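Here's a quick tour of one protein model and the molecule it holds. Have a look at the structure first, then read on.

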Amino acid sequence: MTHNIIVCESVQAVRAAVSALKLRGKKVGFVPTMGYLHEGHVSLVRLAAKTCDAVVASIFVNPTQFNDPKDLEAYPRDIPRDLQLLEQAGTAAVFLPTPAMMYGSQFESWVELQKLPLQHEGAHRPGHFRGVSTVVAMLFNAVQPDAAVFGEKDFQQLRIIEQMVTDLHFPIQIVRGPLVRESDGLAMSSRNVRLSAEARQRALSISKGLFAAEAAYKKGERSAEVLCALVQEKLKNNTEKVEYVHLVEESTLNLISNCGNMPCRLLVAAFVGGVRLIDNIRLN
Ligand code: AMP
């Protein structure tokens with residue numbers, strides 16, 4: 001099958017593609033991904049298309065953000081299918097870098113935030129966010145988009161990118177894409193294909209727990225202890241290990257004991273059937 005989408009296999013090629021779009025007066029929106037795309041990724045492409053005039057995506061399974069080599073090896077990949085999905089969604093160009101291209105043999109320039117990466121995901125995945133912020137900075141410099149879309153599925157990552165763009169004065173608007181779920185509530189993730197049918201059923205306990213907490217919040221419950229216990233209750237007999245259930249303030253991601261009137265989020269990470277899953281919900 002022929003693709004109208006421009007496939008860029010070098011920094012030079014993606015810069016040329018983006019320059020050509022900008023020369024035609026187009027505002028360029030960027031959607032970075034690790035591939036094995038699903039409807040969640042496609043929703044970000046659509047949001048980028050709505051916010052901008054042309055969309056550029058990237059597919060790169062970034063080795064430096066995997067703290068577990070087995071997780072990196074098991075990460076699902078299907079570039080031909082991804083290209084088809086991106087093209088159907090109206091993506092103008094896709095950047096497909098290789099690890100060797102991104103990380104030169106003498107590489108030593110890391111981007112590391114001081115506070116936002118310390119808790120939640122960062123506490124359980126040492127070095128993960130250093131890999132994320134570094135690769136996103138590199139991708140921003142390679143692609144040079146006007147805007148970039150990140151999903152709320154990875155809420156801590158989204159906050160870290162927003163802070164990095166502010167701190168380092170990247171001239172890039174960061175757009176938040178809402179979390180997309182399967183019809184039964186499971187947060188879409190490339191890792192879901194690694195769940196057995198039985199584990200997938202148990203994985204529903206995560207969204208069920210978050211929805212239970214949301215229902216309680218809507219009835220006026222504000223205590224972290226009570227809201228987190230509602231999630232833990234659902235996870236108890238369905239997950240092998242719960243890494244965290246945290247109630248946090250939305251901007252700093254600091255743990256809070258009571259929501260009060262602040263916008264806040266419940267963040268969850270748990271292992272189901274040997275797969276590490278994360279999810280979150282906004283309480284406001
Ligand atoms: P990934 O390929 O997992 O690195 O994700 C690439 C982008 O897609 C990130 O900005 C994610 O937050 C976003 N994303 C992944 N899953 C979802 C989802 N279920 N809903 C919305 N965005 C998502």
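## Around the ligand

There are 17 residues surrounding the ligand, with His41, Gly151, Asp154, Val180 and Met188 the closest; a residue is near a molecule if one of its heavy atoms lies within 4 Å of it. Keep in mind that this is a predicted model, where local features need pLDDT of at least 70 and side-chain atom pairs count only at pLDDT 80 or more, while totals for chains, interfaces and linings use all residues. Residues are numbered from 1 along each chain as its sequence is written, and side-chain values use heavy atoms, with hydrogens and water left out.

Who supplies this shell? Strand E2 (28-33), helix H2 (39-51) and strand E5 (147-151) each give at least two residues, and H2 gives the most, with 3. Helices (H or I, at least four residues) and strands (E, at least two) are DSSP runs, numbered from the N terminus.

Glycine 151 uses a backbone N or O atom instead, 2.8 Å from a ligand oxygen. Over at valine 180, a polar backbone atom sits 2.8 Å from a nitrogen of the ligand.

On its own, the ligand exposes 480 Å², and the protein buries 93% of that (areas come from the Shrake-Rupley method with a 1.4 Å probe).

## A salt bridge

The model has 19 salt bridges, each a side-chain nitrogen of Lys or Arg within 4 Å of a carboxyl oxygen of Asp or Glu. One joins aspartate 71 and arginine 125, whose closest N and O atoms are 3.9 Å apart. Aspartate 71 lies in helix H3 (residues 69-74) and arginine 125 in the loop between helix H6 (121-124) and helix H7 (128-143), so the pair ties together parts 54 residues apart in sequence.

Definitions and conventions: Polar contact = N/O pair within 3.5 Å; in protein donor to acceptor, adjacent residues only side chain to side chain.
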